[in-house]
Amino acid sequence: MDYENTERQDFKKIKQYSFGDACGGNCALEFIWRDISDFLVALVGIGTYGSLLGLLHPMLFAVVAAVSAASYFLTRWQPQYYEKHKHAFEKEQRKLSYLNELSENFTAAKDIKLYGMEPWLRAMVRDYQSYVLLWEKKCSLRGLFASLLAGVMSFVQNGVTYFVLIGTWLAGEITVGDFVFYFGIVSGIAGFLQGVIRSIAKLNTRAGQIDYYRDFFSYPNKMNYGKGCALPKDAVKIELRDVWYRYDKAEDYTLKGINLTIAGGESLALVGLNGAGKTTLIKLICGFYLPTRGEILIDGKKMEAYNINEYYSMISAVFQEITPVAFSVFEFVASADLTRQNAREEAVLAMKRAGIWEKIQGLANGMDTHLMKGIYDDGVDLSGGEMQKLVLARAIYKDSVILILDEPTAALDPIAENNLYLQYRALTQDKTSIYISHRFASTRFCDRIVLLENGAITESGTHEELMAQNGRYAHMFKIQAKYYKEGEIHA
Amino acid sequence: MRKENITWRAYRRYCGYNKKYFPLKFLHIFLQNISPYFNLWMSAEIVTALSDGKSKENLFELVTVTLLGNLFIHILGAVLGRSVDIALQILRHNESAALNRKTVSLDYAKLEDPDTRTLRRKIKENAYINNYGVTAMQNGLEELFRCFTSMLLAVILFAEMAADMVRAGFEPLSVFLLIGLIGFTAVSIGYNHFTQKKSSERNRKIGEWMLKENQLGRGHGLNGMDARIYKQQDIVTRFDTRMNREHLRLFSWARRQAWILTTPYILLSKIPEICVYLIVCFYCTKGIFPVGGVIKYVGYLNRVTADLLAFFNTLSDLKNNEPFLIPYMEYFDIRNDMYQGLLAVEKRSDKKFDIEFCDVSFRYAGAEEYALKHISLSLKAGERLAVVGG
């Protein structure tokens, strides 16, 4: 499915409903079979019992049917009320679960203790609990009334049954044994009739829930999953022509009229303040989003011409969010291409270049140790900096023609950071690469620098050209540089 | 610690969460137990009246009593049931609040301590497997009470039946059947007791597997961008297939085991039922019991034997549950080490403080190496210290 879809509001809602249903104890896909079989059983029961009863006294059957139907329809509002308000309630219930989990969260405990948040959290939990309790009270009140009504209905039904059966017996048409027999049948049939009506209603609800699954699976994709043109073999030229992009449900455009050409084999540095649109720009180049306006050309062809999965194989990217997955270290690094010849040797080489091999080598199972200690007992939790080196190793291993690095040194100490800078030229040989960072030291080893401000490119050129221009770039560079120089700092 | 102690301790703590719950619940259970006995009694009376050829007015009286009685019990039960539901909700809320309060009030060092985390994890895990722990204790105690009151009510009503039987005198066939009844009930109880170990072992295996599934599943949540670029989905799909295969294998095995164990039990427990029918029909044909007696006495005897079996089953369930209560109670018993005292801290009027480390060394709980070794530094009020390092 398109990556962009996962960020859309309506898709998130569909996903939440369908996952919520699947993970709850009352999953529609599972229980629909049980409901169908209940329905069939009840149907057969009505058939057999009904024919027996009908032989004796058709009117009795009619009365029982009428009472069961009345009983169902009168008590329907309880489940209806629940279904209608369920979503609001689930939202509050989730907030309560979140707060409960928060107190268990040992990482949050530091903040909770330092800032004395405990009374505040406790008050919030109490509030949510009383809201949830209010909801429960409302539901159970309706349940109570429904139950009382059911009792009255049952009273009426049994009364009529006794009346009819005793009357028949007094008239001498049935024996005592028959009396017990028919009484049992009436109770049984009442149960089946109610069961049938209930099953129909339940199947209705289930069908509604299954609709969510259907919507989830048939959510439309806009990217090209079919046949695409051949992938370029040499260094790739990336061209953005008047690209505009706006996020789903946002008012303003994040990128406004970007015109950018990156020649094959060029390494570009992308700088700018927070929120300028740098990450959005590279996500567009990676093929995660489709531009709202304008087009992106890869190697002279529009991006839509490529099959999107083949397109992804052309990109090695290191993003800011690092998500550890409970794979073994080898699988984590080499997942893009496990069937490569010498996969293990190349993985070791990639990890050496990223500076993480020493740590991995020292682990109990080496490269086959699992990540995430909470998931596997013999797993390992790597620190922030170590994970950053590992994801760099992953990108190095994949070795594809486009390399994109978004703040790859944010968690690294100065020695490790320098290690990357020294290797950068070698790493990006024959590749088109983009480097995003706040640390202006990184711009020194890139071929060209582009400054992004409020979604538009304002300055572009080599470091020397931009310093000579004395514009925003030069200003920002000087601000950061002054703290590394000797001498007095003026605030 | 004597074994009974822990269930009792857990019960007292549980009651503390909502004092109203258990009294209301026990009342409700008692009421619900009356309903079937009442019905049995009244239907028997009606059938007897029919076969004895009583008058229409008499029958009318009986029917009215039955219907109104049922309605009354139903209404009372519904109202009480609602109060019980609300009380249970309040109890659950208070329980989770108590657990959270305990967690938040722990020393930070205790929080990081792997032992504490293990306890906390175990409590959650036990609840996940079959609700072991306090919930199982609650359900078990309620079930015990139900069986107990049911048997009590039956015994009171038995007096009638026993009186009739005794008056009829000694009948070899009936004595033989009675011995059969009691004997097979005892055998069923014994059988259940001895297979208890196997079934709880099976439950434990399934529960552990589901926990593992849950845990491993949590470690395979993928970031959409990484997944696409680094083809992580393939590995996850292979993993899922392996897990599903194992899941199927385990559950089929469990099903087979359950079937093998419970089939003899079902057969064994049917025999007392047969004996009951035979005894009652025998006395009915002899005219010692009224016609309605078939309905009444068969009903009572079957209920009593079923409840007796359930009573002993629940007792062994409760005993089984005790090891799972231990982490729960231990968690609440954790003591804090940090200074909880009222020693006054000398406050300066400008609200600034000097901080001084005097030869401080620190090692994390469960670690071998020292993280800090012989640190001495002092920070005067108003100073700014930068901490750098590799």
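## Sheet in chain A

Two strands count as paired if DSSP finds at least two bridges between them. In this predicted model, strand 3 (residues 267-272) and strand 9 (residues 448-453) of chain A pair in the parallel sense over five bridges. Within strand 9 of chain A, A:Val450 is the bridge partner of A:Leu270. Helix 16 (residues 472-482) of chain A packs on the sheet and touches strand 3, strand 9 and strand 10 of chain A. The direction of helix 16 makes about 100° with that of strand 9 of chain A.

The open sheet in chain A has six strands in the order 6-7-8-3-9-10, with mixed pairing. Strand 6 (315-318) and strand 10 (456-461) of chain A each have a single partner strand, so one side of each is left without a neighbour in the sheet. From one strand to the next, the twist averages 15°.

## Salt bridges in chain A

Over all chains, the structure holds 30 salt bridges. One of them joins the side chains of A:Arg472 and A:Glu453, at 2.7 Å from N to O. This pair links distant parts of the chain, with A:Arg472 in helix 16 and A:Glu453 in strand 9 of chain A, 19 residues apart. A:Arg472 is partly exposed, at 34% relative accessibility.

A network of salt bridges links A:Lys237, A:Glu239, A:Arg241, A:Glu295 and A:Lys302.

## Helix 7 of chain B

B:Arg204 forms a salt bridge with B:Glu201, with the closest N and O atoms 2.8 Å apart, and a salt bridge with B:Glu208 at 2.7 Å. In helix 7 (residues 172-218) of chain B, B:Glu201 and B:Arg204 are three residues apart, so about one helical turn separates them. B:Arg204 and B:Glu208 are four residues apart in helix 7 of chain B, and are also separated by about one helical turn.

B:Arg204 is partly exposed at 30%, as are B:Glu201 at 36% and B:Glu208 at 42%.

Technical notes
Residues are numbered from 1 along each chain as its sequence is written. Chains are lettered from A and ligands numbered from 1 in the order in which they are written. This is a predicted model: local features need pLDDT of at least 70, side-chain atom pairs count only at pLDDT 80 or more; totals for chains, interfaces and linings use all residues. Side-chain values use heavy atoms; hydrogens and water are left out. Helices (H or I, at least four residues) and strands (E, at least two) are DSSP runs, numbered from the N terminus. Axes are lines fitted to C-alpha atoms, for helices over the stretch in contact, and angles run from 0 to 180 degrees between N-to-C directions. Contact means heavy atoms within 4.5 Å. A salt bridge is a side-chain nitrogen of Lys or Arg within 4 Å of a carboxyl oxygen of Asp or Glu. Buried means under 20% relative accessible area, exposed over 50%, partly exposed in between (1.4 Å probe, protein chains only).
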